[in-house]
Amino acid sequence: MTTPEPIDLVILSSSILHGEALTETAGFVAISNGRIAHIGRADADTNQAAEWTARAKQVFDVGDATVCPGLVDAHIHPIHGADIARGLDLGGITQLDDVRAALARYAASTPHAVGSDWLFAWGLDPVIFGDGGFNNSLFDGILDDELVFITLFDGHASLVSEAALQLAGVTGTEELPSTGYVGVDQLGKPNGMLYEIAAQELVRGVLPQLSFEQRVDDLGKLLRSMAESGLVAGQMLDFGAPDTLEVLEALERRGELAIRLRISPWVMPGATEEDLKAMLAMQGRHGRRWHVHGIKLMMDGTIDNGTAWLFEPDTHGESLHPLWHDPEALAAAMKFFHEHRIPTTTHAIGDQAVSFVARTIGALHKNGTVHRIEHIESIPDSVLAEIISAGAATSLQPTHCALYSRADHTDNWSRRLGSERANHAWRTRDLRDAGAIVALGSDWPIAPFDPRAIIASAQTRRPAGRPDVEPVQPQQALSARAALEGYTSQYWRSVGEEGGIVERGARADLTVVRHNPLTTAPDEFAQTPVILTIVDGEIVVDNRQALTAGVTLDSVQRA
């Protein structure tokens, strides 16, 4: 008689969300060789659980904690983000005087960057400038003659000091490969604003760099924090650091990555045919828990900085141009990768940018390759219809709406758009109701990565735990199920693959949380403890003591 194959792990729970319908069932999940070997129901044969647990190397009884499909963030920048999230975090500060005070305290109490005279900060909200122009007069009287580099909260612009401009030799007359640019005053003198990556690079080249070992350490800590928040994987939409693969390989030499990374390198404006072929050759590169698959494209910039691509100008007369000098060059790049069956995801924020990308996707011959549109911050009904007609997948970030815009339209984003377009903000519900795939994510470090808070904000249209804040376009709120699917099955559909469902034969990526995300109030779920995070059948996070501790864990926010 053949001896039954041993099982690696059996999880017993009275709340398992299984199948495409996320049906809640009491029973157990058996895992073997990184796959779900069996899902047993408590109301089935009473001897069934005993038969499986007897063969298991480990048996975990999580009581009434809920076993969910593993949560996946559709948009993160874990390596490139380290260049953004340096120094003082200015996130949440919305008054100019408060920013100045925070910078003055930081400069007085914190050593400058190691081996340099630079002061770094990030997360600056342009709402502090009111209706005035963006410029580095912010530093007057507090950081005179200092080398200062501040990244705005959206990551698409930086504010630097006069000393930094002079050190980098920035004149304001530079010709850039994209429509990004150096901000100048009425006399043509640089005013400290660097719009989009091409302009930011003019100064980034003279910034002090963290050591390779420090960057590897920081990535390991970040991915660990992500796993502790319940994430099993994330899609890394960049290849910003030239030594990205070396960093990943160095971290894997130390052990396993805490979460799996799907890397879609970006193809930036000005890319040549040789560049496209080089990115094609990168496809398939992999380690144990990372692999390169897909491409990231950038159609426009951001509304906050006036670099989005709108049909009509914003209230400053800006946001009228795509990031590519020739938008048809982006269309050609997408077609190139489509013909090689490589999925793309394209940053498109303004309504004309989204329309162009949707029509580009719709014109491609159908070969089974899925293409996704990223962000989609404000669109009219006609553009939403173009997305549906094209069969494009979508990916949105609920906390960009909840944290950085306001229901009364007093934020910078809404003021730039005007009320009519601001009322079309992040149309997650309309997209789902129309049949679009809607994946969810954070865009870390642009916003905190904790999926529990983002799943909550997707349902409330306001910051998690802040019932005092008026929701932004509450009619666009997702149901609890749609919000969870945005981190599970909808994500996997958005990249053209199967996954995100607890079923026999599926990859054993599981997130076990104290409270059921489908029935728990959103604000309470945002604080629910993560009991287990399981990647490929391996327990990455084990917090079973939270089942009996009687306390909740603090939400993991910015790393």
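Me: Are Y491 and W492 buried or exposed?

Reply: Both Y491 and W492 are buried (under 20% relative accessible area; exposed is over 50%, partly exposed in between, with a 1.4 Å probe and protein chains only). The model is predicted, so local features need pLDDT of at least 70 and side-chain atom pairs 80 or more, while totals for chains, interfaces and linings use all residues. Residues are numbered from 1 along each chain as its sequence is written, and side-chain values use heavy atoms, without hydrogens and water.

Me: How many aromatic pairs does a search of the whole structure find?

Reply: A pair of aromatic rings is described by the distance of the centres and the angle of the planes. The search finds 10 aromatic pairs (Phe, Tyr or six-membered Trp rings with centres within 6.5 Å; stacked under 30 degrees, edge-to-face over 60, the rest tilted). W309 and F356 have ring centres 5.7 Å apart and planes at 50°, so this pair is tilted. It links distant parts of the chain, 47 residues apart: W309 is in the loop between β17 (295-298) and α9, and F356 is in helix α10 (helices, H or I, of at least four residues and strands, E, of at least two are DSSP runs numbered from the N terminus). W309 is buried at 9% relative accessibility, and F356 is buried at 8%. Y491 and W492 form an edge-to-face pair, 5.3 Å centre to centre with 75° between the planes. Ring pairs also link W118, F120 and F149 into a cluster.

Me: At what angle do helix α9 and helix α10 pack?

Reply: Two packed helices are described by the angle between their axes and the distance between the axes. Helix α9 (residues 327-339) and helix α10 (residues 351-363) pack at about 40°, with axes 10 Å apart (lines fitted to C-alpha atoms over the stretch in contact, with angles from 0 to 180 degrees between N-to-C directions). P327, E328, A331 and M334 in α9 meet F356, V357, T360 and I361 in α10 (heavy atoms within 4.5 Å).

Me: Where are R461 and P445 placed?

Reply: Most residues other than glycine have a negative phi, and most peptide bonds are trans. R461 has a positive phi of about 60° although it is not a glycine. R461 is in the loop between α16 and α17 (480-486), and is buried, with a relative accessible area of 4%. The peptide bond from W444 to P445 is cis, with omega near 15°, and P445 is in the loop between β21 (438-440) and α16 (451-460).

Me: Where does D536 lie?

Reply: D536 lies in the loop between β23 (530-535) and β24 (538-542). D536 also has a positive phi, about 55°, and is not a glycine. At 29% relative accessibility, D536 counts as partly exposed.
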